[in-house]
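I opened this notebook page to record what I looked up about the contact between two chains. The entries follow the order in which I checked them.

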Amino acid sequence: MSESNYREIRRSRANDIPATVKRIFSYLAQYKWLLVIVFLCIIIEALTNVASSYFFTPLINDYTCAALPLPTFTAG
Amino acid sequence: MCGITAAYIYRRIMSIVTTGTLHNMRLDLFSHMQDMPVQFYDTHTHGELMNFYTNDIDAIRPLIGDTLPQMINTIISLVGSMTMMIILSPKLTLITMTLLVLVTSVSVFVGKRSRKYFVKVMRTVSDINGYVEEMLLGQKEVKVFSHEKESVKAFSKFNDETMEASIKSNMFAQSLMPINVNLSYISYAVVAVLGAKACIDGSLELGALASFLLYTRQIAGPVSGLSQQFNGVMMSIAGAERMFEVMDTPTEVDEGKIELVNAINEEGVLIECPQRTGTFAWKDPATGDLTELKGDIRLNDVTFSYVPDKVVLKDVSLYAKPGQKIAFVGSTGAGKTTITNLINRFYDVQEGVITYDGIPVNNIKKSSLRKSLGMVLQDTNLFSGTVMDNIRYGNLEATDEECIAAAKLANADSFINRLPDGYDTMLTANGTNLSQGQRQLLNIARAAVSNPPVLILDEATSSIDTHTERVIEKGMDKLMQGRTVFVIAHRLSTVRNSNAIMVLEHGQIVERGDHDDLLRQKGRYYKLYTGAAELD
């Protein structure tokens, strides 16, 4: 079959990202309880990361800065 | 520790979810394709169809397994980090958010540009697969007609298009990560400078600035991570779109209600029964009436065209009484195979009616109709499995003894017994370890074991030498006894003992009668038989 003939039988395809994603999710729906566990685990992981970053605020303010004499900054 | 455990658990679960989802998608796609009309397979190459099961479905894996959890993680991290940042310094948060909007806008802009090229990449890869498959199957033809150069030229065109689309899609997608990373560094530097100034002013504590800067990095990380997976996401969506499009293609319509059932004849009265009796009946579920399956097929003023305005059959009328052998003779494209395609409802007639034992075939369930028809085609498809399995394919309920009896009927038993493991010999790759004639004998045995009242032989011996044809004809003669048979053959010697021969030209029956009648008419058949004319 020649290249041009080959293309003739091809059909045009519509693109619709939201509909495609929604359909993929419909397949995931049958694992909804497993996905609930996944969701909870992700929340735990994400919040642990958020909390770990806040750890520096009291560490520096209450311990490091309190133990060291702070320099005096003057403008100009 | 808590975060690490949670991450381990969800990754393990996502692996199960991803594999299961792809498994279900493959199953749905395969099931749907089993119900597709013949036209679908006529307009798609094998390579293209295989592509749906390999590239397209596999492309969805990163979207479910990696991107989806990461996206949820990013959203929760963003919300959590933003909340903490607002608590620590609302002013710096506003600046960070402004820069984040800029990063996101760049991602969306580049994404839109690259997506169309990713879709094109998937299509061109599918084109290549289809073309390669055709060229590999037709390699002998390519060599015989010395079309190697043309073949390479056409392939190069597909290949060039794939390369061009890949370059463009990657050019956009791969520029995304460096842009995002650099924008996040700028954001970090701006926040660091302004935060340091706030510390000097005394409006922000040093500890708060340290945490704030960590949050700035924490936001940039997942956003950059998502942009890194951008290629995969676009490929996933393009693959899913192609696969779902096939799954949305309408399946074969079947409005038929009448079913084929096992029956028993008790003193002239047909009674439905669950076990196989060798007698079948058509059952109308609405009334419960049973009509004995005899094999009486009639075409009344049938007109048909595959595409509008190009009539393939015009006002064709014929009948085949139970046990009669009807032959179709004519040039290629005269409409011989189309008639058989209409009888088994691969296509539906546009005008006129085809009846089977007095029932319009459109009222009969396609599965029941096809169960009552046996077909022996020129091209034999054997499946991976033993010789016995391949014969049993004609009737999955058949016992070993019935399969052997069918093989004996088809004259296949002697050659099967000479095979290394007899009926247990494994056949692979469409039975390439057998000759064309042996494959055809197995095909006849397969038709025999299904024991259909109506048989269609479409050029069954066309690709076989005359010596093998004689062996096969003996098998076919036994198979044809007591059945309604439609024969399509180019060799007139194979149709001369038919009850009626239909000579078709341009979709119309131009002559009909038995062999002797047609010779007396001294028309088209006479010319063909005497060699005064040849079939195209």
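How many salt bridges does the rule find across the interface of chain B and chain A? I note that the model is a predicted one, and that the search returned 1 salt bridge across this interface. I looked up the partners: Arg23(A) pairs with Asp248(B), with the closest N and O atoms 2.8 Å apart.

I listed the elements that give two or more residues to the side of chain B that touches chain A: α1 (2–34), α3 (46–58), α4 (61–88), α5 (90–137), α7 (148–201), α8 (206–228) and α9 (230–248) of chain B. The largest share of that side is from α1(B), with 14 residues. By residue class, I found 34 nonpolar, 17 polar and 13 charged residues on the side of chain B that touches chain A.

Next I took the extent of the interface. I recorded 64 residues of chain B in contact with 45 residues of chain A. The two chains bury about 4900 Å² between them, and 65% of this lies on carbon and sulfur atoms. Ile76(B), Phe244(B) and Glu245(B) account for 11% of the area that chain B buries against chain A, more than any other three residues.

Last, I examined the surface. I found a nonpolar patch formed by Phe55(A), Phe56(A), Leu59(A), Tyr63(A) and Leu214(B), with about 480 Å² of accessible area together. Helix α4 (residues 56–67) of chain A gives the most to this patch, 3 residues. I placed Phe55(A) in the loop between α3 (32–54) and α4 of chain A.

Note on methods: Residues numbered from 1 in each chain as written. Chains lettered and ligands numbered in written order. Predicted model: local features only at pLDDT ≥ 70, side-chain atom pairs only at ≥ 80, totals over all residues. Heavy atoms only, no water. Contact = heavy atoms within 4.5 Å. Buried area = accessible area lost by both parts, 1.4 Å probe. Salt bridge = Lys/Arg side-chain N within 4 Å of Asp/Glu carboxyl O. Helix = DSSP H or I, 4+ residues; strand = E, 2+ residues; numbered from the N terminus. Nonpolar A, V, L, I, M, F, W, Y, C, P; charged D, E, K, R; others polar. Patch = residues over 30% accessible without salt bridge, like charges linked within 9 Å, V, L, I, M, F, W, Y side chains within 5 Å. Areas by Shrake-Rupley, 256 points an atom, 1.4 Å probe, with all protein chains shown as cover.
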